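Have the structure open while you read.

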Amino acid sequence: MMASCDKKLVRSKSGLKIVALNENLNSPFTISEPKWIPDNECPRCMNCDAKFDFLKRRHHCRRCGKCFCSECCTAKISLPRMCFVDPVRQCAKCTQISAREGEFFEKHLKTLQNGSSFHINSTSLPEPDDNASMSFLCKMSKDQRFLLFECQSDMCPEHSPIEVSHIDSVQILSTDLLPTGNKAATGLSLSYKDCDATQHRLEMICPENSQKRQSMLWLAAMQKAMKMLTENKETMAMISSLSEEK
Ligand SMILES: [Zn+2]
Ligand SMILES: [Zn+2]
């Protein structure tokens with residue numbers, strides 16, 4: 001794999017990684033490597049309880065940093081969120097999580113980056129005049145850091161990019177209860193801070209045309225992306241509260 005000029009290869013004890021030169025330019029989906037549990041603090045496999053000795057060797061899961069025997073930590077699977085170039089050893093629980101995320105990176109991320117059409121209402125846009133078309137092609141940037149808005153007509157105002165890590169919440173908008181007892185999704189509402197830390201709200205409404213299906217898929221992918229990012233924030237908060245207790 002060739003490193004582009006704004007990335008570098010680094011070696012961690014878990015393997016070779018490719019990261020941005022400036023860590024602020026890393027993808028918002030990036031997570032940091034866990035601290036490994038020291039060998040002297042885990043005499044037994046943390047899954048099957050087998051005692052470690054010179055035949056039963058310990059292995060650390062690269063994702064959670066816990067200790068396992070080789071049977072409980074066999075899988076080597078890719079872990080793009082920690083920027084590893086090659087697949088790395090993971091425990092059964094982490095393998096499941098990484099496999100689910102692998103699906104996101106292979107499939108849903110492409111949907112987000114290809115983009116889809118939405119009708120936009122945004123507190124960061126001027127009041128629409130009657131002639132204005134608020135139809136935008138919305139997509140995630142290649143470096144995964146921004147949502148971009150491309151005007152789909154001359155009458156369209158410009159909408160500045162939204163930094164993905166500045167999105168606080170995402171809510172699916174839906175119709176009232178239908179006779180079937182279900183609600184149909186109509187769009188997405190997200191709140192975010194712009195570069196001046198001003199809070200904004202943006203509504204992305206699916207168009208009622210041939211593009212609707214694509215837009216619904218985009219929304220579903222965006223929800224998955226946000227779920228990963230919130231889990232990130234929760235873990236970070238948990239880690240910082242733990243280190244404060246010490
Ligand atoms: Zn085991
Ligand atoms: Zn693990």
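Start with Lys13: its charged end sits over the ring of Trp36, 4.1 Å from the ring's centre. Keep in mind that this is a predicted model. Lys17 is placed over a ring too, lying over the face of Phe84 at 5.2 Å from the ring centre.

Now for rings meeting rings. A pair of aromatic rings is described by two things, the distance of the centres and the angle of the planes. The count here comes to five aromatic pairs. Take Phe29 and Phe104: their planes are at 55°, so this pair is tilted. Phe29 sits in the loop between β2 (15-20) and β3 (59-60), while Phe104 belongs to helix α1 (residues 92-114), so the pair ties together parts that are 75 residues apart in sequence. Phe29 and Phe104 are both buried.

What about Phe29 and Phe105? With planes at 85°, that pair is edge-to-face. It also links distant parts of the chain, since Phe29 is in the loop between β2 and β3 and Phe105 is in helix α1, 76 residues apart.

Here are the two pairs side by side:

| Pair | Centre distance | Plane angle and type |
|---|---|---|
| Phe29 and Phe104 | 5.4 Å | 55°, tilted |
| Phe29 and Phe105 | 6.2 Å | 85°, edge-to-face |

So is Phe29 buried or exposed? Its relative accessibility is 1%, so Phe29 counts as buried. Phe105 has a relative accessible area of 17% and is buried.

Methods: Residues are numbered from 1 along each chain as its sequence is written. Chains are lettered from A and ligands numbered from 1 in the order in which they are written. This is a predicted model: local features need pLDDT of at least 70, side-chain atom pairs count only at pLDDT 80 or more; totals for chains, interfaces and linings use all residues. Side-chain values use heavy atoms; hydrogens and water are left out. Rings of Phe, Tyr and Trp (its six-membered ring) pair if their centres lie within 6.5 Å; planes under 30 degrees apart count as stacked, over 60 as edge-to-face and the rest as tilted. Helices (H or I, at least four residues) and strands (E, at least two) are DSSP runs, numbered from the N terminus. Buried means under 20% relative accessible area, exposed over 50%, partly exposed in between (1.4 Å probe, protein chains only). A charge sits over a ring if NZ of Lys or CZ of Arg is within 6 Å of the ring centre and within 35 degrees of the ring normal.
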